[in-house]
Amino acid sequence: MSRTALRICPLCEATCGLTLTVEGTRVTGARGDRDDVFSKGFICPKGASFGAVDGDPDRLRTPLVRRDGELREATWEEAFDAVAAGIRAVVDGHGANSVGVVLGNPNVHTMAGALYPTVLLAGLGTRSIFTASTVDQMPKHVSSGLLFGDANAIPVPDLDHTDHLLLIGANPLESNGSLCTAPDFPGKLKALKARGGTLTVIDPRRTRTARLADRHIAVRPGTDALLLAAMAQVLFEEGLVDTGELTPHLEGVDELRSAVGDFTPEAIAGTCDVEASEIRALARELAAAPTAAVYGRIGSCTVPHGTLASWLVDVLNILTGNLDRPGGALFPQAATDRTPRPAGPSHGFALGRWHSRVSRHPEAKGELPLSALAEEIDTATEEGEPIRALVVVAANPVLSAPDGNRLDKALGSLDFMVSVDPYLNETSRHAHVVLPPPPPSQSPHHDFAFNTLAVRNQVRYTRPAVPLEPGRMAETEIFARLILAATGMHGADPSAVDDLVIGQTLGKAVKDAHSPVHGREPSELSAALTGDTGPERRLDMMLRLGPYGDGFGVRPDGLSLSKLLAHPHGIDLGPLQSRLPQPLKTTSGKVELLPQPIADDLPRLREALRHKADGLVLVGRRHLRSNNSWMHNVPALTGGTNRCTLHIHPEDAARLGLKDGGAVRIKGAGGEVVTEAEVTDGVRPGVVSLPHGWGHDRPGTRLGHAAKDPGVNVNQLLDGSLLDPLSGNAVLNGIPVKLAPVATL
């Protein structure tokens, strides 16, 4: 007999509510939850394929431990014994920094991934931290940190109310949005146009989003920061700057005017391949709109000046008075955010507090560039020990980081590696221990990270739709036991981790004069927490201490876990509101428009005006049915248009002798790959496009479907040397490549 169960979709950043059909312990169907307060029934192909993702037969069901060179099934006790022995031997013999931690994209889509990695990192005490952020979004974190004092204070466009939306390097009709959590992004863009608004898209490809736009600018890849700087220059030159109610919260307007003064449309037009008149029109239209929002994403982050481009996105919102006002770009307020503090000067944001050992890359937000992982393992220096052990959580850097071949070899040289991953993939195949979490239907879900980026304030929580299968271990318990094993507490009750966090959090809260529980007893508060598990008790604590919380009885109408459980489709907390100056944590207490690291990087942008690249350049692309490398093993999400082909413009194809469907060799600084050419006018002349996350052809994996159509690894074309210096983000777009036809695939 079938039944239904609710589940928040964990397969992309849109976080749509699902209604699952369950037969026994198997998910047999998924549809949009029409009563979900946020997504209101919207569903995309990924969500509709939830059952197939959940029931993938290649998902690992038991731990694997390497014995005599082979990964073999083991008990959970044997697996954690091996973790404790492997990691502690490295820490004791070579120091904490000799243990690296890599956190991947799927990690942020789970409750366990939100609640436990910070505890693991604190317990290990390592500075060798790498995440997917430095092949994706770190420039936005850095620019937000420098502007607002908080790397996680990222404004999002008020999609439901804006009159003019300018997207640069973003394709939300296929990505569903990123750093902007918005179910039914396509519907919101169509609603914008239906109410008479304007959509402008800046992208070298004529994407699905670009085809919907009123104006599409096919900029040359990698020149986004120049184009945005020229728009800012026009606003100043033509007297279009109007900061309105933002004015008392701003510092450095005059300095900014001087800094962008030489980035005129005429000066940058040739480099960007955009007419000066069109750049001026962009700036004028933005300034003239009743409300407007500029939103940039991965295409403008993964370029040589990604931090400058991310900074200029918010600069344009500020100069037009659209930051922190309805219809512009606003700061969300998540239910699990910390208790708001009074506005005023704070600690600010610092870069480069330490550096990588080999190439001396500065840390950003506590992380080192993922591009540097291989050299941190395989290169000896006098600056300390190389990485000898690695903890990899839901990451596949052999495919997602530059020069996967080098990293592949480096991983094989480690003394010890543990991977928390449901698959034996191109990275986890090197592990000495693999700890597989259960499928998503068997896990609870709350979006800690994505609610801080949501276009409407709301809160939702779903308990597991299916009971945990015998022999499985909850992902939260896997993390807790991993923390204990890695930090010298192997064998302790895993509940000790949650108890420790609860005790520390409440202990700080009662000493905080701004907290609703100031002066109370931590033991009394801990006893009042509800929830069936440690993670639920932690969620209850965060909700009650948060901006909408009941304050442990201080505000009877406020949020708590029990109240949230009584609303299975979620609780709507209202539209985004103006919040300045409260989110600011700069040392001045204001928005610092021209931070020194930004000013110091502007000469590099000016230098780019003198060096227009010749030849073809490469950009990536996304598909609605794909999320990096971790969905290519699901038949329903591959095939059709979701293929690993090289998009090339007809003019370029004819010039190079390439035919549609023919084989093409692509050469870059890091190597070469051979794939199928797809001739299309969806990409501008001079630009070719290859999707990210493919290359499932290495031995020793257990990805049966993905291996049948492996595609090629676009990141093998990179040697890892190209980074945005401020953020350490890999340069993945605008990469020079050379093409040649080959006789056969």
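**Exercise 1.** Which residue is the bridge partner of L64 in β5?

*Solution.* The model is predicted, with local features needing pLDDT of at least 70 and side-chain atom pairs counting only at pLDDT 80 or more, while totals for chains, interfaces and linings use all residues. Residues are numbered from 1 along each chain as its sequence is written, and side-chain values use heavy atoms, without hydrogens and water. Strands are DSSP runs of E with at least two residues, helices are runs of H or I with at least four, and both are numbered from the N terminus. Strand β4 (residues 64-67) pairs with β5 in the antiparallel sense over four bridges; pairing requires at least two DSSP bridges between two strands. The partner of L64 in β5 is E73.

**Exercise 2.** Classify the packing of α3 against α19.

*Solution.* Helix α3 (residues 76-94) packs on helix α19 (residues 475-486) at about 40°, with the axes 8 Å apart. Axes are lines fitted to C-alpha atoms, for helices over the stretch in contact, and angles between N-to-C directions run from 0 to 180 degrees. Under 35 degrees is roughly parallel, over 145 roughly antiparallel, 65 to 115 roughly perpendicular, and the rest oblique. Therefore α3 is oblique to α19.
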